[in-house]
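Below are my notes for a colleague who is going through this entry, arranged as numbered points. Please read them with the sequence and the coordinates open.

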Amino acid sequence: MLHALYFTKEDGDGNWTISYRNKHVETETFELEKRRNKPSFIPTVEGDSPAILSAYFFNWLRFGKVNKLISNTNVFKHAGKLYSVAENDLPQEVDIFLLKTLCDWDVNGAWNRPFTSHPKTAPGTGELVVVGADAKRPFLVLGVISADGKELIHKVDLKFNRCSLCHENGITENYNVIIDWGLSIDINRVVKGGPLMRYDKEGCARIGVMPRYGNADSIRWFKVKANCTFHIFNCFEDGDEVIVRGCRALQSIIPGPDFGLNKFEWFSKGFENRNSTDKTEGSSAKTAEFFTHAYEWRLNIKNGDVVERSLTGDEFSMDFPMINEQFTGYRNKYGYSQLVDSTASSTSGMAKYGGIAKLYFDEPDIHAFTGRYDEVVRVEYHMFPKATFCSGAAFVPKGGGLEDDGWIITYVHHEDTNISQVYIIDTKNLSSEPIAKLTLPQRVPYGFHGAFIPSH
């Protein structure tokens, strides 16, 4: 379901009108279930091999689709149109004002596979760079869509030998950045009795740098330490280096524990705070493996060197990063993220975000050295009241030209009172009280990503 806030400035008097709307994204399979007035698809991600194969068979037999098509992860704008997206299908074009689902977007028939949830608008050209993963060959394809959204101007098979789940790709002024790590989807593995989706902690971990219109042979691959990185702050060029900043953990939250393990216990231990656990990456401890640091990879295009470091320490886990999107692909000084409340997350067995962080990438925090990390960066925090958690946070620029002059707008829910609100936080004074708190007429469930969509 999409949840939208509309801010409209009245002419002359300086007042604002704020309205709220929500609506389901009506994918093809949503429409099918809507007609039946009940959930109808058998889940296909979790379970043992016979259960998954049986679910595929019966879903196909009944509906002509093996999976339920969801569109619940992110929204993005391109060429004046709004799209909702998840990794398992094409994006859906949505009317930005009515939230009515209009159609699937296949770029006039040129794109016939899923989209990554975080395509990127190329600096300078306005073209959209997208990566699409599929469980059958070709496993990973990169495309460049024209700035007007009408033409697929470049499409290339990246020649992967497995389906690596690429949740987000990056871009710089001249390059595409491809994250390849140990989370994979494999139909053959299911047939042989294994899981459909699996995260291999010791498996492939590399970052590829590719010219904007290059091919698979033009990718320069950099081997990095094993990691789970779903989300990127930004990528940019610095002399001979490409800098990639993201949110790095040691374990993937999906698909969950191996079949037969206690799911709640697995998630609960994974969300524990690293300050109270063994910090050694090679240890056998299964606690705090979801703990996510802001992290930096410096990739030297000229000599192939890689320099890695954590940008944040063990005080808070953080994810769902944001920047001022006017700086996408360029060097930026500031980043923002949602802060994990490790205690609440461990207690509930699900991620709960109890605050917002502002990272000052060019300012070292000289008081935050640890034995394990290099120098970390300065971080400012905005903490929510007790039992209050956020989702869908987005950075909104004020338009004055300064990178960090804007607001974080986020949905929050107060679990003690069951009231949902929207907080508007001044990013120049992040630790101060929100400049506005808007109470919503109903509960807004915890979700994934939010976005600011200007009306012009």
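1. A charge is taken to sit over a ring if NZ of Lys or CZ of Arg is within 6 Å of the ring centre and within 35 degrees of the ring normal. In this structure, which is a predicted model, the charged end of Arg245 is placed over the ring of Phe361, at 4.3 Å from the centre of that ring. A further case is Arg443, which lies over the face of Tyr446 with 5.0 Å to the ring centre.

2. On aromatic pairs, a search of the whole structure returns 23 of them. In the pair formed by Phe41 and Phe63, the ring centres are 4.6 Å apart and the planes stand at 35 degrees, so this pair is classed as tilted. Phe41 and Phe63 are both buried.

3. Trp105 and Phe115 make a tilted pair as well, because their ring centres are 5.7 Å apart and their planes are at 50 degrees. Both residues lie in the loop between strand S6 (101–104) and strand S7 (120–121), so the pair ties together parts that are ten residues apart in sequence. Trp105 and Phe115 are each buried, and they belong to one aromatic cluster together with Phe76, Tyr83 and Trp111.

4. Which residues have the most contacts inside the largest nonpolar core? They are Leu140, Leu142, Leu158, Ile207 and Val244, in a core of 43 residues. Strand S18 (residues 228–238) gives the most to this core, contributing four residues. Leaving aside residues up to four places away in sequence, Leu142 touches a set of neighbours that includes Trp111, Val129, Val130, Val131, Leu158 and Met210, but also His154, Lys155 and Asn176. Another core lies apart from this one and has 17 residues, among them Phe320, Tyr353, Phe384 and Leu430.

5. Between S7 and strand S8 (residues 128–133), the antiparallel pairing runs over two bridges, and Thr121 has Leu128 in S8 as its bridge partner.

6. Is Asn300 buried or exposed? Its relative accessibility is 12%, and Asn300 therefore counts as buried. Asn300 is found in strand S20 (residues 293–300), and a polar atom of the Asn300 side chain lies 3.0 Å from the backbone nitrogen of Asn303. Beyond residues up to four places away in sequence, Asn300 touches Phe222, Asp240, Glu241 and Asp305.

7. Glu315 is placed in the loop between strand S21 (306–310) and strand S22 (317–322), and it counts as partly exposed because its relative accessibility is 48%. Not counting residues up to four places away in sequence, Glu315 touches Asn273, Asn275, Phe291 and Tyr381. From C-alpha to C-alpha, Glu315 and Val177 are 29 Å apart in space, with a separation of 138 residues in sequence.

Definitions and conventions. Residues numbered from 1 in each chain as written. Predicted model: local features only at pLDDT ≥ 70, side-chain atom pairs only at ≥ 80, totals over all residues. Heavy atoms only, no water. Phe/Tyr/Trp six-rings, centres within 6.5 Å; stacked < 30°, edge-to-face > 60°. Buried < 20%, exposed > 50% of the residue type's maximum accessible area, 1.4 Å probe, protein only. Core = buried A, V, L, I, M, F, W, Y, C linked by side-chain atoms within 4.5 Å. Contact = heavy atoms within 4.5 Å. Polar contact = N/O pair within 3.5 Å; in protein donor to acceptor, adjacent residues only side chain to side chain. Pairing = 2+ DSSP bridges.
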